[in-house]
Amino acid sequence: MAAQVRIGEPMPRVDGAAKVTGQALFPADETVAGPAYAFLVTSAVARGRVARIDAAEAEALPGVLLVLTHENTRGEVKPPAGPGGQGGTTTTLESDRVWHDGQIVAVVVADSYEIARDAARRVKIGYAAEPAAAGFDSAGTTTEPAESMEGGPTPKAGDAEAAFAAAPVKVDARYSTPTQHHNAMELFTTTCLWRGDELVVYEPSQFVGGVQSGLARQLGVPREKIRVISKFVGGGFGGKGGLTARTAWIALAARRLRRPVKLAATRDQGFTIATYRAETRHRIRLAADRQGHLQALIHQGDSVTSRPSKYNANGLSTSGRLYACPNVLTEGMITHADRNTPGFMRAPPETPFLFPLECAMDELAAELAIDPIELRRINDTRKDPTSGKPYTSRSLMRCFDEAARAFGWSRRDPKPGAMRDGEWLIGWGCASAAYSANIGAGACRVSLTPEGKAHVQIAAHELGTGSYTILTQVAADRLGLRPQDVTVEIGDSALPPAGISAGSSHASTICNVLAKACEEVRARLAQAAVAANRGPFSGQDPAHLTLSAGRLQGPAGRAEPLAEAVRRVGGVVEVHAENLPKGAPPNGLETLHKGGMAMSRGSGRPDGLAYAFGAQFVEVRVHERTREVRAPRAVGAFAAGRIINPTTARSQYMGGMIWGISSALHEATEIDRRLGRYYNKDFAEYLIPVNADVQQVDVIFVPEEDHEVNPLGMKGIGEIGIVGMNAAVANAVWHATGRRIRDLPIRIEKLL
Ligand code: MOS
């Protein structure tokens with residue numbers, strides 16, 4: 001038998017061939033009988049009321065089946081829980097109120113997509129428009145204090161204002177980050193069909209259980225009557241993490257028509273019917289003694305949200321506790337504007353909130369004439385400076401040292417503008433990365449046959465991240481099988497629940513509960529084997545038996561084929577396992593089964609802080625006359641506990657680093673400030689990097705063992721790759737040019 005695969009070994013994606021040959025079924029690809037097609041009508045104003053709807057011309061078009069508006073749906077569904085909770089979007093499904101430009105105000109359903117689209121343009125909507133506030137500095141916004149993103153107060157210690165005033169070396173600067181959109185390749189789609197009183201929803205989702213429970217609440221249908229299927233997701237990044245308004249509209253249309261309804265919202269509609277990264281603003285004050293020891297850290301941050309939502313991107317619980325500092329003050333705010341509700345986007349709090357801190361650390365290093373890596377070393381800590389709680393493990397400086405060596409940092413001339421190549425000014429910059437090690441409550445089912453075939457069932461999600469692959473790998477490792485003997489079934493709310501695929505928690509969630517199930521399989525086989533009167537293990541200690549290479553094995557070379565061991569327990573072993581991780585709410589399993597979020601957050605564990613760390617290095621080249629900025633080379637080193645599969649992990653890190661460069665140099669959603677409207681809602685004008693923009697990206701795995709985070713020692717890698725890279729780029733631009741650009745993205749006009 002071929003060698004089994006082990007945890008920690010590189011392994012190609014088990015779904016790779018299906019994806020590149022078009023066999024993988026994304027939710028919009030699922031075949032339903034005789035579907036009708038929906039097209040969304042979205043608001044043309046950012047604030048006001050829908051005063052009149054004239055759908056006569058649309059309804060008269062041959063093939064048009066239905067025009068849903070608030071006038072004919074009111075009272076039938078509850079609004080989505082999004083605003084006020086996390087993520088989500090607003091809609092006129094429940095009233096005539098328009099909260100933002102591009103909000104869904106009507107849905108046209110027809111026999112074909114083309115007819116629906118044509119008819120949607122013929123729906124005449126009259127608005128009672130009101131003046132709209134587009135964001136920071138617009139008239140009519142309101143600003144209020146915000147907790148940390150995870151909930152609870154933000155870090156504080158000592159008397160930061162007094163310490164800042166008294167310290168000899170200081171930085172006091174303001175920074176900002178723009179609105180950005182996820183723009184996953186796959187559009188926002190929903191297909192709904194009813195079988196009697198049962199609803200099936202095909203929708204790309206990072207949380208099938210959340211869509212199921214949220215929709216049940218909206219429609220007033222028992223949760224058990226709704227099934228949400230999402231076998232493959234064509235990119236999530238947080239944008240498919242929450243239930244949005246479109247889903248209930250489509251469910252309603254399918255119910256009225258007694259016919260399946262398919263929606264594929266357009267690319268530009270995706271900018272307003274889903275969530276996005278909120279723009280943020282910061283003031284950072286850092287003070288140090290002349291040796292570089294931080295004396296005060298004051299971080300005030302504000303992020304934009306919609307009128308009704310309390311969603312905030314407040315990353316202060318990380319920025320306020322990253323470095324040793326006796327005096328810390330952090331204050332979060334949110335500013336309500338006439339905008340769609342923002343939400344999770346890769347490292348939602350850390351990407352915008354470590355940007356200003358990591359730039360300010362670079363500025364402080366320059367003030368002190370200390371190397372920026374050394375400044376971090378001077379202020380490295382084993383514990384949270386504000387609570388005294390220890391970090392479960394922290395390899396930040398090992399990441400810096402390994403990345404610095406690979407990057408060639410020792411050859412850097414610290415003087416800005418000192419390094420050049422012909423007409424190009426060269427800048428080298430670095431920054432810290434940190435991301436909370438999270439894990440959710442989870443459940444799964446595993447069965448094993450005498451033929452040595454295992455089947456894993458879990459409502460996990462495949463966002464391109466590698467869930468199918470790592471589940472295969474963990475089962476193969478723990479059951480002693482070859483990967484081709486393991487099948488994995490995920491992406492269906494009818495399977496044992498596994499929570500949300502977000503917060504870099506999912507791999508830890510699903511691998512730990514699967515390992516627990518596999519251990520139960522082993523234990524059952526072992527106990528039966530030692531209890532048997534005959535056979536090689538009679539009377540042995542079951543703890544000493546392992547599953548390996550298709551056999552049950554014990555000490556002294558004792559072994560029997562798996563078929564024997566499985567037949568002894570009745571022909572097939574089936575195990576249902578549940579895992580409530582350390583630090584999760586005590587009622588976490590109950591919450592999980594109801595479709596809620598039951599997370600243990602490394603940033604909020606009672607026993608200590610669990611975080612992954614990294615160091616980002618980047619080279620930029622700025623043309624001396626045109627000020628064009630290139631970023632030809634980046635190195636990132638990360639320590640995130642145990643890595644299940646270096647192949648998929650490398651892609652995760654690399655994708656994050658590339659996105660970090662993009663976030664610094666390319667991406668911004670532009671807003672017409674008079675109208676509160678996005679105007680670059682397509683791939684032609686929303687800038688994203690191409691191969692020529694990102695040339696060499698090197699990822700370094702810094703080995704780390706952490707036995708406290710969870711039994712498998714995993715910290716999660718989905719998001720840390722993006723964190724800090726925006727600051728590293730800005731620091732490199734300063735090194736090249738002497739100019740501090742504190743407002744992202746860094747574009748030519750800011751450097752002229
Ligand atoms: Mo991730 S932004 O938490 O889906």
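The accessible surface of the chain comes to about 26500 Å². Carbon and sulfur atoms account for 51% of that surface. Before going on, please keep in mind that this is a predicted model, so every value in this talk is computed from predicted coordinates.

Of the 752 residues in the chain, 63% count as buried. The C-alpha trace spans about 80 × 75 × 50 Å along its principal axes. As for secondary structure, the chain has 19 helices and 32 strands. The radius of gyration is 27 Å, close to the 27 Å from the globule rule for 752 residues, so the chain is as compact as a globular protein of that length. On contacts: among those with a separation of 6 or more, 80% come from residues 24 or more positions apart.

Now some individual elements, starting with strand 3, residues 64–69. Five of its six residues are buried, so strand 3 is largely enclosed by the rest of the structure. Its antiparallel partner is strand 5, residues 104–110, and five bridges join the two.

Next is strand 20, residues 442–448. How many of its residues are buried? Six of the seven are, which leaves the strand mostly covered. Strand 20 is joined to strand 26, residues 573–579, by seven bridges, and the two run antiparallel. Strand 20 also pairs with strand 21, residues 454–457, over four bridges, again in the antiparallel sense. Ser447 shows both pairings. In strand 26 its bridge partner is Glu574, and in strand 21 it stands opposite His455. Strand 20 and strand 21 form a hairpin with five residues between the strands. In that hairpin, Gly452 takes a positive phi near 80 degrees.

Last, helix 18, residues 725–737. At 1.5 Å a residue, its 13 residues should span 18 Å, and the end C-alpha atoms are 18 Å apart, which agrees. Is helix 18 enclosed or exposed? Of its 13 residues, 13 are buried, so helix 18 is largely enclosed by the rest of the structure. As a reminder, an α-helix has 3.6 residues a turn, so residues three or four places apart point the same way. After helix 18 comes Gly738, whose phi is positive, near 80 degrees.

That is the end of the tour. I can go back to any of these elements on the screen.

Definitions and conventions: Residues are numbered from 1 along each chain as its sequence is written. This is a predicted model: local features need pLDDT of at least 70, side-chain atom pairs count only at pLDDT 80 or more; totals for chains, interfaces and linings use all residues. Side-chain values use heavy atoms; hydrogens and water are left out. The expected span of a helix is 1.5 Å times one less than its number of residues. Buried means under 20% relative accessible area, exposed over 50%, partly exposed in between (1.4 Å probe, protein chains only). Two strands pair if DSSP finds at least two bridges between them. The radius of gyration is taken over C-alpha atoms; the globule rule is 2.2 Å times the number of residues to the power 0.38. Contact means heavy atoms within 4.5 Å. Accessible areas come from the Shrake-Rupley method with a 1.4 Å probe; for residues, only the protein chains shown count as cover.
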